[in-house]
Structure formats: C-alpha cells, structure tokens
Amino acid sequence: MSDQRFFIPGFPQGGGQMGPPPGFPSSTPSPAPPSQGQQGGPPTSPPPSFVPTQAQQPETFAVDSGSIRRCLFRFTYVWLRGAQQFWFFPIFVGPRSVSGYRWTGFRWVYFGVSLRQIQSFTCV
C-alpha cells in the first residue's frame, strides 16, 4: 500500500493544529444582540401565548429581506406557503433566506427558511 498525501496550501501538514492566520486574534468578542442577553442564542422564554391575526395583503412572490430585518431578535409569527405557521425568533437575515429559532410547542430549535417560502409574518 502506498501512502498518497495531498498538501493544500494554508492547511497544516503532518497532523498539526490549524488556527487563525498570523496577525489575527484567536477569538474576538462581538457585541450581544440589542434585545438578547446571550449572543445569537434562542430566547430564554416561550413565545407569546396568542396567535396574531394574519393581515390580508396582496400576494407577493417573495418576502423582502429588508421588511423582515426589522423583526431580528423579536418574537415573530410566520405563515409559510402551504399552511404551516409558527412562532419564530430570527437572528440572521440574508438576501434570500432567514434563520433563527422556531418554537416547537415545547422548545426552541434552530431553523432556516427561504424568503420565497414565507407568505406573511408579523413581529411583536
């Protein structure tokens, strides 16, 4: 058996530990979200016990990332295309998706969804 190894520039060779490039700090603290005590984690309490009324709005192709960005780190009720609806706690909004924590009825679980799948939402 021959030992064939591939060496990739920038990766340690011989089983060494990989760390940040020289000149970069090994860990940089970042500020906590404004309304969240822990950084980007799930809420520490369940969502509100009510279900908001879905506003009647014209059918759109996709939710705009700018419109849902105002709901970051807030309890948000989401209606997906296909009748799913749930409490959501968004922590990241990208150009085509949103991620955060979805309430299962018992606990928060990490969840991400395409903005095209969201029919409507409201944050409280």
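Me: What makes a pair of cysteines count as a disulfide here?

Reply: A disulfide is a pair of cysteine sulfur atoms within 2.5 Å. In this predicted model, the sulfur atoms of Cys71 and Cys123 are 2.2 Å apart. That value falls within the 2.5 Å cut-off, so the pair is called a disulfide. A search of the whole structure finds 1 disulfide.

Me: Why is the disulfide of Cys71 and Cys123 called left-handed?

Reply: The torsion about its S-S bond is about -65°, and therefore the disulfide is left-handed.

Me: What parts of the chain does the pair tie together?

Reply: Cys71 sits in the loop between α1 (65-69) and β1, whereas Cys123 belongs to strand β5, so the pair links parts that are 52 residues apart in sequence.

Me: Are Cys71 and Cys123 buried or exposed?

Reply: Both are buried. The word requires a relative accessible area under 20%. Across the chain, buried residues make up 31% of the 124 residues.

Me: Why is a set of residues called a nonpolar core?

Reply: The members must be buried residues of the listed nonpolar kinds, Cys included, joined through side-chain atoms within 4.5 Å. The largest such core has 15 residues, and Ile68, Val78, Val98, Ile118 and Phe121 have the most contacts inside it. Two or more residues come from each of β1 (76-80), β2 (85-93), β4 (108-114) and β5 (118-123). Another core lies apart from it, with 10 residues, including Phe73, Tyr77, Ile91 and Trp103.

Me: Which residues is Ile68 in contact with, leaving aside its neighbours within four places in sequence?

Reply: They are Val63, Val93, Val98, Leu115, Ile118 and Phe121. Each has heavy atoms within 4.5 Å of Ile68, so each counts as a contact.

Me: How do you know that β1 and β5 pair?

Reply: Pairing takes at least two bridges between the strands. β1 and β5 have 5 bridges, in the antiparallel sense, so they are a pair.

Me: What pattern does the chain follow along the sequence?

Reply: The pattern is α-β-β-β-β-β, and the secondary structure comes to 1 helix and 5 strands. Among contacts between residues at least 6 apart in sequence, 52% join residues at least 24 apart.

How values were computed. Residues numbered from 1 in each chain as written. Predicted model: local features only at pLDDT ≥ 70, side-chain atom pairs only at ≥ 80, totals over all residues. Heavy atoms only, no water. Buried < 20%, exposed > 50% of the residue type's maximum accessible area, 1.4 Å probe, protein only. Helix = DSSP H or I, 4+ residues; strand = E, 2+ residues; numbered from the N terminus.
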